[in-house]
Every structure is written in structure tokens, then in C-alpha cells.
Amino acid sequence: MPRREQPLEVGDDALMRFAGELRRLRESAGKPTYRQLSARAHYSAAALSEAASGRKLPSLAVTMAYVAACDGDSTEWRKRWRETADATNGHGPDNDLTGPAPYVGLAAFQPGDSERFFGRDALVENLVTRIRDDRFLGVFGASGSGKSSALRAGLVPRLDNAVVFTPGPRPVEECAVRLGVALNESPAVLHAEFTADPGNLHLRVRQALAGRPGTDLVLVVDQFEEIFTVCPEDQRTWMVDALTTAAFATTSRTRVVIGVRADFYGHCGQHPRLVEALRNAPVLVGPMTADELRGAITEPAVRAGCRVETALVARLIADATGQPAVLPLVSHALLETWRHRRGTTLTLAGYEGVGGVLHAIARSAEDMYTSLDGVQQDAARRLFLRMIALGDGTEDTKRRIRRDQLDDCEAVVDTLAAARLITVDRDTVELAHEALIRHWPRLRTWLTEDRDGLRIHRELTEATDAWESLNRDSGALYRGTRLTRADTWAATQNGNLSSREREFLRISLSTQTREQAATLRQTRRLRRLVALLAVLLVLAAVAVGYAVRAEQSATRERNAAIVQNALREAAAMRNTDLLRAGELTIAAYRVESSPVTRGSTLNALLWLWDAWLTGHTDRVRSVSISSDGRTLASASDDRTARLWALSFPAPVDQVEPATIKGYGDSATATVFNHDTASPALITASLDRKIRVFDVSNRRFPIEIAERKESDAIVALAISADDRTLAAATLDHRILLWDFTHRDNPTRLGAISGLDDPAYSMMFDPSGQTLAVGTNHDVRLYDLTEHERPRLRGTIHGGGGLVVSVSFHPTDHVVAVAGNDQTVRLWDAADPGNPRFLANVPGHSGRATATAFSWDGRILGTADDNGAISLWDITDRAKPTLFANLNADFRAVSSMAFNPDDHSLVVAGGNHIARFETDVEKAAGIICQTAGGITRDQWTHYFPGLDYQPPCP
């Protein structure tokens, strides 16, 4: 019997009311047990019970899972949770503090924030002393070390005459604007002067300070690394020349301070003038000491009339000590804790409630993102990706973008700015801090999904900017390969491009079309001029060509006849002299490389080595190979699964398999996970069981999990990231499992409504699309949301039952084998509209198995007559036969390529055969054993052909 739920404590505060409402919601749903709720919500029963205990406010994620499991109104309950959070964390009427927050969060301190900037007294004093002694000072520190805040809120307020700015993508323009304000000059005039000569910066500062002896202007250039990440080469060179000239001219009235991320120190070394300017030891900004952290934590709160719990101070210091790039995270956590304070006190409970140092920023960003509707979320994603410069040998960094690049993203700018995730200037927008890039998992996922596409987009944005800055000069448009690549990528983006970028591509395409048309017209005129001469030359060449082709055709026919005869001789020797048969087969291959001779060579190695794996006493249903290529698994009707050690090339009969028993009926399927550091084997059987084995030691597999279903299981598939396991049952369902923890797979959902059992299925390389073979077709399901699988499209399989479905290892090509003796190739890049590519014919029986090689160049197919074929699919629309193989099987049931050496494993009957698929490698192995045929033997088997030693 389930244990009774404890009654709520007596009280009428917001937390007790919220817990009571949760309990009433559960009662209205039929009062399911917490174990039943756990199965629906995918949270532990303990976590769900705690949510309704009234002891503390559950997280929003747990609350929404509880509500969904009870079929509650998610919108209404999200609102209730936020009201309760406000009431319990001090956002109610008892909070009488007014004025700005004492902490700046992710944003860097600005000169106006000096009154709340604490903890860097020693660093600031050092900077003030150094800039008085040195004309050029480099301040280096890791991202998140607080160097920008030290420069802006520490150093600049201590100086009498300072200008601070960041270079951005156009440092000449930025410098002109900032100095124009400081010197009361026209930015347009200054920009023209600076562009003409970098030395004019020095002259302009001298002119402005001519009447003020003893005073220098200090130029503070923060985020100096932007000249390496977002600046064109000419702007970068200008920046270095202008600053070094202004600082070191004989009559200099300028001092320069640059703030640089430490991982860009080497980039500075690529510019000789910067090397000379930084010759004196630069200032390195290190982590705060415990005392400095204590001041940065407590002093701003005291200034604002608040206090910080001692326990919170100790916890923050402990969490921050030794953590890289931690200062903006500490500041953000403090800001969120201040927002969730109790009265005038920042508490440890409030700090833990917002997620602490490492999780507060991710929680804030995620809460903001999930509060947006679908259209706004798409706009936010585009905006965040535009504000990041992809690293090339360095970490990704933030980049400022102009607001005229935003288009429909403008609508969410205010929302993101209010959440302090971005900072907004009149003309520009940028991330509040690079800590978002490192600590918000959703943003990291966006950045890794399509980095090549992001680089294409970034290049397109920069090309559009350059085109507009050159008054839309047609010479700056894209052409050729760059245009093709950008246009192909843009066709898949569904609105990710700005109107400026779309117009740039449109005009580039139309301009290239006009230019190609003009070139074509000129080419046609030249062709007409030479046409007459060409006709005369053709007439002369036809006669010669006809004679040459006739001779070549006769030679080919003669050679083919000789080769066929030699192969028949080799086949006759197979039972009496395997070595001589192998030598003769290689010799035939040297004379004529064709599907027949290539297949004969690969077959010869199979027979020479007797390369069969035997031991099963009944039909082998499935074979699969581990990701490291070292282990083969097989499942059989003899109620066993076996693990075989692979070491190709090697005589396979020396390797003893490990046998897995305990199946109550036929073992139907095997599949390995992809994690070579923690290898696991999953098996299925007709006794309704899914079993998981640790195969770190393949000779002694250890069963670590077992799940029993309502019907027999006939097929398995696992996604490339090992997160999702699919199992097909005889009752026409596909069961979906979370395989993140291999020793405790948990059910995610199911696909039902199939017309027949699915005997074959496979995930695409992304792991988000599952191809399921049914009676007459292949169904493509989108598993982005496992709880709600969506049927995206259907591939028609041809005649009758679909027996085998295989995905290409690197793209979205699907091979489908059915009852009509034909394998078909489809492009499923758009699952909603799969595109037919080609038929792969050639089988005399029902096609039963397909597999792609791990490099994607070869497709293996087989049928129930035992025929095995290898197809070159370099051109997907025109597969060509590479080789025919033969293992003397009556029917082939399964095949798999080895990812390590590209050998092929084929199961037929109760045997398994191993083929090498590299013909030259197979020939070399045979030659090491046989040695080749002599000149006299050559003359006997290949009369009239010049001697070619088959084993040089």
C-alpha cells in the first residue's frame, strides 16, 4: 500500500496555499499515486511529493511537470507560481527599498557606477601609478576577471581627462565619434582625417590640449581583442598605428590603456609596433582575494541600505574561489539574490533559490527565453547568434551589432535588455557578458548545431556591410563559389537573414546571371568563328577514331573472354588448391578491374582464410559492430546472443565468442551504444525483454539492466548521441526510451497506430528523425519532443513489406529494401517531402538487408537468394556496381560495416561471414600468403597478354 501523504501544517501564508492548491489539483485528476505521477512527469516521486509538502517552494520546472501530469492549465499555474515566488521571496509590500539595485549583474561597471565598485583598490592604485609613469599600458585578464569594470569604474573616475571606448568592427569611426564628443569636434571631419592618416589622431589631441600644459589625454580602449575578432585587416592596422603613434610621438600628449582578453596576448605579438609598446611588463588582472570578494559582496548592499547574511558571504566566497571567469557570475547571482531578498536582507536561501553562482545566469536566461512566445523565441535565437563572434583557435566572443541589422529581432530587444542579458546603445546591441556563452546550455547548443552555417552567415553580414559602405558597388557583390555556398545555405534558413542580407544575395544572383549571359553571348560568337574549322577537323578525326575504337573494342572483348576463362579455372581449384585459386583471381583482376574480378578477389580472401564465424545453431537474425570496430554482436533464433572479438585481418577461427544466454525465445536484435569509453550492448527478444550489458570486457559481459514489455520485440535502434533508444514490438508500436543512463533506461513515450510490426528502423545522424519500415512504406518521425512524436513524411517502399531501412552515416540519404527485388535511395533532408534519388537493382530475390559503409561511399545490399552486392554511391543519383560477393548463403538476414577497417560482416542461416571490401588490401594479403604466379603459368592462363606480375 502507498504511504499516506502527511497533512499540511496549519497556516494561511502563500506557500501553504500553493501546496494546498497542488494537492487539490492531484485529487481532481483522480488522486494518482506519486509513483504514477512520476511515470507521467519524468521526475522522481520524492521530488513531486516534496513539491506539495508546503515546506518550500518547488522549482518552476518541477511545478510544471506536476501540473502536466495532472492535466492542469500550464498558463494559469505558471502565473500562480510566479505570484507565490514573489510573495515568499520579498517582492511584496514588505519590501520598502527604492532606487537602483546595488549590483550591476552581467554588465560591466561604467564610470557612473564608481560609487558601488568595490574590492579592486590595489589593482586600481597600480593602474593609476602605471599610467602616470608609462605612455602605453596593456591590461590583460581572462574573460570574467573584471578588467573592464576595473578600467571603467576604477581607473577612469580617477583620471582628469579620459576617453573610454571599445573598437567594434569600425574602430576609425568609433574613435572619431568618441573623440568628437570629448574635443567638441565634428565626428565626420575627424573620421576623414583619421582615415587619411593614422598620425592625425596624435595631431588632433595635441591641438585640443595646446592651451593646457601638463595635461595629457588618456585613451582607454576596452575589449581591444575586437580588432582581432570583428575588424577588417585595414581597420586593425589603422588602430595599432594610430594608438602607438599617439602614445610615442616625441611631442605626444596622449597616454593609452588597452584592456585585452588574456587568450589574445599572442595575437598582439603578431604586430611589431604593439610588441614594442608593450615591452614594459603588462598588468595582469588575476582573481580577487577572499577579502576583496567580501568587500565586493557586502559594500554595495550596505550603501543601498541592505545587509548580507554572513552565511551567504561565506558561501559566495567558497563558490567563487578557484572558479575561472567567475566575477560576472557572482555579480549576476547577487543581483538575482537582491531581487529575491527578504525585506532588507540578502539571504542564503534566496541565493540558493536563484541557482547560485554557476546556475543563476542560465536560469535567468532560460526563464526569459521560455516566457517568450514562439515567434519571439525565434527572433531571440537569431539575435543571440548575431551577437557572437566564432572563435578560430580561441573561445567564442561577443560582438556588437548595429540595430539596423536586426529587422524582426527589434521586438525582443527591450525584453532582453530588461533582463540584463544584453546592453543596448543608441545604434548598437551586444551581449551583457561572455559568461552567457559559457554557462547558458541552450546558447551553447545553438552555437554547436551548425558552426559552418554561422560562419557563412557572419561572412555574408560583413560582405553586406562592405557593399553598402562602398555605395553598393557591384564589384563588392558575391560571385562564383562564395555566392553558391551562401545561396544554398540561405535557402534553408526560413527568415534568419536580415532584409539587407537578402537584398545583397538577390542583387548578387541577378548580377551574376547578367554577367554569365554576356559571357555566353561572347562565347557563342567565338564558337561560330571556329565552327567551320571544327567541322573539317571532325571529319578527319572520325575516320581515325572509328579505327581506334574498333581495335579497342576487339581488345576488350578478347581480354574479357580470357579473364572469364581464368576465373572459371580459379573456381574449379577452390576445393583443391586455394592458394593457386587466389593467385589466379588476383591476376584476372590485374588484367581487368570490373565488378566480377573485384568480387572474385574479395571472395578469394574469404575462402582462403575460411573467414566464417560459426557457433549459432539456428538462424542469425541480427549483427551489429561496436563503434571502435573491435566487437561484433549477433542475435539468433537459438535463444542466445554472442560477442565476437574482431581483429581483421586475422584467422577468425582463433577467436572464441562470449555467449549470452537466458532468453526465453528467439533473440531478435542487437545494437551497441556509441560511447567507446563506456561500451554497452542492448539486445531484444521475442520473450518481450530488452536487456542491457556492460561490454567493457567483451569476454565477460555483465547485465546491468532489464526491461520487460507487453509484447515481443523485433527491432532496436539507438540515436548517435546515445540519448534515445527505440524498440519495435509485434503489437505495432515503437517504444521510446531515455538511454542517458544506460543502467537505468526510462520510458519517454511511444509511437502507435502502425499497420504492421516494424522489422527495421534507424535514426538519422542528428538523432531527431527515426525511419520506421512498415508493411508498404517507411515512416519518418520527428522525435524533437519525445513525449509527442510527430509523423513528418512517408517514403514508399515499393512492392510489399519493407524489410530493411538504413540511414547514410553523415547525411540524410535513406536506403529502403522491399519485396520487389529493388533497393531505393531517397533524400530525407526534408522529412516532410522526401525526394527519390535512384533505384539500386540487380537482385534476383527479395532484398533483405542494406548497410552503408562508415565513410558513406559504399552501399551493401543482399537478398534471400544469398546474393551480396557492393555499390559505389559517390553519385547518389547513379549508383554503380562495385563488386558481387558470395558466401554460399541461402538467404542473407543482416549485414554491418566495421567503422574501423571498413570490412563487411554478413549473416546468413546460422553462419556469419567477414569480407574485406578494399580490393587492393585483399590482394596484398593473398599475395603475402601465395606469392603470385610465374611467367609460364601466366602464359598458360592468359595467352597473348603481356606478363603482369600480380604480386609485385
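This is a predicted model: local features need pLDDT of at least 70, side-chain atom pairs count only at pLDDT 80 or more; totals for chains, interfaces and linings use all residues.
Let's start with strand β32 (residues 823-827), which is joined to β33 by 5 bridges, the two running antiparallel. Strands here are DSSP runs of E with at least two residues, helices are runs of H or I with at least four, and both are numbered from the N terminus. Two strands count as paired if DSSP finds at least two bridges between them.

Residues are numbered from 1 along each chain as its sequence is written, and side-chain values use heavy atoms, leaving out hydrogens and water.

Now the whole sheet: it is open, with 4 strands in the order β30-β31-β32-β33 and antiparallel pairing. At its edges sit β30 (802-807) and β33 (835-840), each pairing on one side only. From one strand to the next, the twist averages 20°.

On to a helix pair. Helix α27 (residues 578-591) packs against helix α28 (residues 595-609) at an angle of about 160°, their axes 9 Å apart. Axes are lines fitted to C-alpha atoms, for helices over the stretch in contact, and angles run from 0 to 180 degrees between N-to-C directions. So α27 and α28 are roughly antiparallel, the word for angles over 145 degrees.

Who touches whom? With contact meaning heavy atoms within 4.5 Å, residues of α27 including L578, I586 and Y589 meet a set in α28 that includes R598, W607 and L608.

Technical notes. Angles under 35 degrees count as roughly parallel, over 145 as roughly antiparallel, 65 to 115 as roughly perpendicular and the rest as oblique.
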